[in-house]
Amino acid sequence: MEVFVRPADRQDAVNLMHLIFQLQDESNTFIVEQDPNQIEVQEEADNIDILQTTTNNIMLVSKTETGQLVGLASAAAMPGQPKVAEIGVAVINDFQGHGLAQAMLAELCDWAQTFSTVEKMMLTVQTSNAVAIHIYEKIGFKQVVGSEKMVLNSDHENVPAFDMTLVVVK
C-alpha cells in the first residue's frame with residue numbers, strides 16, 4: 001500500500017484527532033501536551049491553518065491511498081526562541097518498520113532548509129526508544145551532552161530521556 005507524506009490541512013482535523021487517540025493507545029512514548037478529549041474538531045482545524053501559515057511551524061501527515069492517516073510529524077517553534085523548532089514524529093504500529101518515520105523526518109528537514117526560518121531543530125527522546133534514536137542519528141541529530149533527564153511517559157511513569165539537536169544548514 002502506498003503512503004504519501006504531505007502538509008496537514010484543515011480537512012484532516014477529524015482524522016487527525018482519531019490518529020492522535022490511536023497513537024496514544026498504542027505507544028507509551030507518544031505524548032500530547034493538551035488532553036485530546038478537550039480539543040474540538042473546529043479548534044484543531046483552526047490550529048492547523050495557523051501552523052501552516054508560519055515559517056517556523058509545520059504539521060505533516062502520512063496518508064494511505066485509501067485516506068487513512070497513519071503518521072504525524074510536526075515542528076513547532078519553541079516559546080521565546082522562534083529560530084528553534086521542537087519536532088515530534090509518530091507512526092501507528094501497523095505502519096512501523098517501513099521507513100515512514102524517516103521519510104517524515106526527511107520532509108521536516110527539507111522544509112527547515114528550504115522554507116523555514118528555523119536554524120535548529122530539537123527533540124526529547126526516551127532513552128529506551130532505540131529505534132527512534134537510531135533514526136534521529138541517521139538523519140544527523142546529535143545528543144546534547146548533559147541533557148539527561150526524567151520525563152513522564154503516557155503511562156504516567158518517569159523514564160530517562162535526553163535531548164537531541166540538528167543544526168539546519170541553509
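The legends below describe views of a predicted model.

View 1. Apart from neighbours within four places in sequence, the contacts of Gln-52 are Pro-7, Ala-8, Asn-57, Ile-58 and Met-59.

**View 2. Crossing of helix 3 (residues 100-114) and helix 4 (residues 130-139).** The two axes come within 10 Å and cross at roughly 40 degrees; the crossing is right-handed. Helix 3 contributes Ala-101, Gln-102, Leu-105, Ala-106 and Cys-109 to the contact, and helix 4 contributes Ile-135, Tyr-136, Lys-138 and Ile-139. By class, this contact comprises 7 nonpolar, 1 polar and 1 charged residues.

**View 3. The largest pocket, with a volume of about 1,800 Å³.** The pocket is lined by 50 residues, of which Phe-30, Ile-31, Ser-74, Gly-88 and Val-89 are the closest to its centre. The lining is made up of 31 nonpolar, 15 polar and 4 charged residues.

**View 4. Secondary-structure elements in the lining of the largest pocket.** At least two lining residues come from each of helix 1 (13-26), helix 2 (41-52), helix 3 and helix 4. Strand 3 (69-78), strand 4 (81-91), strand 5 (120-126) and strand 7 (149-152) likewise each supply at least two. Strand 4 gives the most, with 6 residues.

Technical notes: Residues numbered from 1 in each chain as written. Predicted model: local features only at pLDDT ≥ 70, side-chain atom pairs only at ≥ 80, totals over all residues. Heavy atoms only, no water. Axes fitted to C-alpha atoms, helices over the stretch in contact; angles between N-to-C directions. Helix = DSSP H or I, 4+ residues; strand = E, 2+ residues; numbered from the N terminus. Left-handed = near helix turned anticlockwise from the far one by under 90°. Contact = heavy atoms within 4.5 Å. Nonpolar A, V, L, I, M, F, W, Y, C, P; charged D, E, K, R; others polar. 1 Å grid on protein atoms, 1.4 Å probe; cavity = no way out; pocket = protein on both sides within 12 Å on 5 of 7 lines; lining within 4 Å. Points joined across faces, edges and corners; volume = space filled by probe spheres on them.
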